[in-house]
Amino acid sequence: MAKTLKSRSHNFTEFEKHLMFEIVRNKYLHIVDNKKTDAVNIEQKNVAWEHIANEYNCQAQTGPRTSKQLRALYDILKKNARSNLNEDKKNFYKTGGGTYVPRSSILDEKIVCTLGAQFQPLTNNFDSSADYPSETFFTTGTGAKSTSTPQKSVQEESNCSFLANVPSSTLQQSTSSHGQKRKLSKIPEKKKTQLEILTNRVVKRKILKDQYDEQTQKQKMKILKIEEEIKKSQLEVIKQEIQNNKVLHEMEIAIKQKELEAKFAIMRWNSEERAFAVEAYFSSGCSVIATQRAFRNRFNLAPLAPVPDRKSIVTWVTTFRQTASATKRRTGVPRPVRSPENIEA
């Protein structure tokens, strides 16, 4: 069997919240807030909530409600009133008794005034908030004041009489009533002096912090500029080194090319030098070393100047024995010479 989803009810209006609490407060408070949990009291509470639901539904604006819904609303209102009261207390000590925006609404003040015993902590002279509830005043839309003190009884109607006489137009106000300001007791002179001292210290620390931050920022900017200049100079040095290395490398290449050209030029022995080498070889008794000495003396070469090596001298001698010449003859078909006679022929 498929479950049927329950449609969500409308939210309670401020008028309905005030209405429900007024019904509970005027007739059924002694039953609803009874802390006993035996069977008799539980039955009495159930009957009381049924009566509250009937009276409420006669004046409801957003539709009928069940006793279960109203009981849940009553618990939520008490919880919110306690939370708002604690938040106001924290804001009171945060500002040192100065101006702040209270969170408590008129309904919260009414609940605290009616159920004060559940909201007032036990007195403790050594607690930092011991003097908080002693002189706290609430303002309402009618301009009346109520004072809640831990020494007075909660059930005193004289302290909360103004709440019962609030007109219905005031009960229909929206949540803007949360912005009502709370008047607090005067701060003792000693606390005022301490507050001024703390305020001056905070201001001085803020000024010093701003000055320190400004100086730190300036130092950082100077350091960044110096680092940038150092990097630029290093880059220039690296570029200069690369340029110098490039020039040196080109010079080395040029020198090596000239050396190779000179070496090849020297190694290209002409026919006269070859013929003298062959003649010196035969006259020295086929001695290569004597031939080299004679070659150096004949052509006035320096002691370290190159002379024909052993392989070259032997090659020239072998060629002379074969062809009666120290130079090799070209073999193959001779290339024709382009001349006017050949062209005409």
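**Close-up views of a predicted model**

**Figure 1. The charged end of Arg 298 sits over the ring of Phe 299.** The distance from the charged end of Arg 298 to the centre of the Phe 299 ring is 5.1 Å. A charge sits over a ring if NZ of Lys or CZ of Arg is within 6 Å of the ring centre and within 35 degrees of the ring normal. The charged end of Arg 65 likewise sits over the ring of Phe 12, 4.0 Å from its centre. The model is predicted: local features need pLDDT of at least 70, side-chain atom pairs count only at pLDDT 80 or more, and totals for chains, interfaces and linings use all residues. Residues are numbered from 1 along each chain as its sequence is written, and side-chain values use heavy atoms, with hydrogens and water left out.

**Figure 2. Trp 269 and Phe 295 form an edge-to-face aromatic pair.** Nine aromatic pairs are found in a search of the whole structure. In the pair of Trp 269 and Phe 295, the centres are 5.5 Å apart and the planes are at 85°. The pair links distant parts of the chain, 26 residues apart: Trp 269 lies in the loop between helix H8 (189-267) and helix H9 (271-283), and Phe 295 in helix H10 (residues 288-298). Rings of Phe, Tyr and Trp (its six-membered ring) pair if their centres lie within 6.5 Å; planes under 30 degrees apart count as stacked, over 60 as edge-to-face and the rest as tilted. Trp 269 counts as buried because its relative accessibility is 10%, and Phe 295 counts as buried at 2%. Buried means under 20% relative accessible area, exposed over 50%, partly exposed in between (1.4 Å probe, protein chains only). One aromatic cluster is formed by Trp 269, Phe 276, Phe 295 and Phe 299.

**Figure 3. Helix H3 covers residues 67-94.** The 28 residues of helix H3 should span 40 Å at 1.5 Å a residue, and the end C-alpha atoms are 41 Å apart, which agrees. The expected span is 1.5 Å times one less than the number of residues in the helix. Just after H3, Gly 96 takes a positive phi of about 65°. The chain holds 12 helices and two strands; helices (H or I, at least four residues) and strands (E, at least two) are DSSP runs, numbered from the N terminus.

**Figure 4. Val 247 is found in helix H8.** Val 247 is partly exposed, with a relative accessible area of 38%.
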